[in-house]
Amino acid sequence: MNLVSVIVPVYNVEPYLNKCVQSIVRQDHPQLEILLVDDGSTDRSGLMCDEWAARDSRIQVIHKKNGGQSEARNVGLGIAKGDLIAFVDSDDELEPDNIRTLSELLSRYEEADIAQGNHYTHRNGKTKLEYAASPEGFMTRADAFRAVLYHDRVDVGPCNKLFRRKVFETLRFPEGRIYEDTALFGKLLSESSGFVYCGRPLYHYFVREGSTVHGGFDEKRLGYISAVQELNQAAMQTDSRLEEACTRRITHAYLSVLRYMEHCEAGDRALRDDLRMKALQNSAAVIGNASAPKRDKLALRLLKLGYLPFYASWRLYGKLRP
């Protein structure tokens with residue numbers, strides 16, 4: 001059994017931390033190193049980390065000044081000893097066999113360097129299985145890029161994945177920006193030989209009010225577009241035949257940022273109009289793409305009619321989505 005280093009950035013998650021850490025310590029994989037990186041918490045989270053370390057010798061706590069999630073993950077990477085690396089957000093939870101299942105996948109598929117499971121998303125009291133049930137399977141790097149560009153089974157988040165240590169030899173999480181997962185994932189995938197997927201849900205992702213990427217609009221939102229551009233660049237360097245998929249993904253990025261701009265300030269309205277124009281310039285290619293999600297196609301058709309139907313549909317979607 002390979003040693004797995006589990007890196008958990010911790011910042012002001014007092015109500016959720018115990019359940020998260022409990023789900024890690026109860027893993028049925030016997031070789032664990034659990035790194036709780038307290039990123040300058042101002043609630044009891046740091047003390048709770050110390051209490052857990054006193055109870056379980058596999059847990060090591062690092063206390064640091066607040067620098068953000070990416071910096072905390074990088075601190076963990078700097079001291080991790082495991083052959084395999086896992087990341088868990090401190091308000092999420094693991095199924096008991098998460099790490100063992102993903103570790104066994106990497107053992108069976110030696111040509112893969114990243115393993116991912118399916119997951120549940122919990123939002124507004126509703127639970128959704130994120131991807132349709134499917135058997136496990138190996139993907140080439142190009143296949144994995146294609147899947148992530150279409151939001152099909154592969155996602156950019158580091159959680160609910162297991163990485164061979166070598167993919168992080170020259171890479172670290174970008175610090176001081178949001179959507180860092182999207183910016184980094186293409187580079188990680190480029191460093192890998194292949195990807196393996198488990199269709200069974202192994203992770204519980206909780207969408208919390210006030211999350212960094214679930215608020216209103218400010219200019220930082222534009223970081224999502226630049227992050228997707230980095231992802232697309234890595235995809236095209238892997239296989240130029242992914243151009244159609246890249247067009248779909250950047251169009252989705254424009255639509256996603258526009259979603260937050262319904263009540264934007266007057267000074268941002270020219271920017272909103274520019275993003276609308278860029279999205280509509282790609283509309284024919286996306287609507288004619290059989291692999292593009294129906295949601296994208298509908299959003300583009302409504303956006304063409306104007307902002308009123310576009311934003312009305314987003315509000316309805318927000319109420320009905322599981």
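Colleague: Is arginine 73 buried or exposed, and what is its relative accessible area?

Modeller: This is a predicted model, in which local features need pLDDT of at least 70 and side-chain atom pairs count only at pLDDT 80 or more, whereas totals for chains, interfaces and linings use all residues. Residues are numbered from 1 along each chain as its sequence is written, and side-chain values use heavy atoms, with hydrogens and water left out. The word buried means under 20% relative accessible area, exposed means over 50%, and partly exposed lies in between (1.4 Å probe, protein chains only). Arginine 73 counts as buried because its relative accessible area is 1%.

Colleague: Which residue forms a salt bridge with arginine 73?

Modeller: A salt bridge is a side-chain nitrogen of Lys or Arg within 4 Å of a carboxyl oxygen of Asp or Glu. For arginine 73, the closest N and O atoms of the pair are 3.0 Å apart, and the partner is aspartate 181.

Colleague: How many residues apart are arginine 73 and aspartate 181?

Modeller: Helices are DSSP runs of H or I with at least four residues, strands are runs of E with at least two, and both are numbered from the N terminus. Arginine 73 is in helix H3 and aspartate 181 in helix H6 (residues 180-191). The pair thus links distant parts of the chain, and the separation in residues is 108.

Colleague: How far apart are the closest N and O atoms of aspartate 155 and lysine 161?

Modeller: Both ends of this pair are buried, since aspartate 155 has 16% relative accessibility and lysine 161 has a relative accessible area of 2%. The two residues form a salt bridge, and the closest N and O atoms are separated by 2.8 Å.

Colleague: How many disulfides does a search of the whole structure find?

Modeller: A disulfide is a pair of cysteine sulfur atoms within 2.5 Å. Cysteine 49 is buried, with a relative accessible area of 0%, and its sulfur is too far for a bond, because the closest cysteine sulfur, in cysteine 20, is 9.4 Å away. For the whole structure, the number of disulfides found is zero.

Colleague: Which residue of E4 is the bridge partner of valine 6?

Modeller: Two strands pair if DSSP finds at least two bridges between them, and strand E1 (residues 4-10) pairs with E4 in the parallel sense over four bridges. Both faces of strand E4 (residues 84-87) are covered, with Leu84 and Ala86 buried on one side and Ile85 and Phe87 buried on the other. Within E4, the residue that partners valine 6 is alanine 86.

Colleague: Which residue in E9 does leucine 84 stand opposite?

Modeller: E4 also pairs with strand E9 (residues 161-164), here in the antiparallel sense and over three bridges. In E9, the residue opposite leucine 84 is arginine 164.
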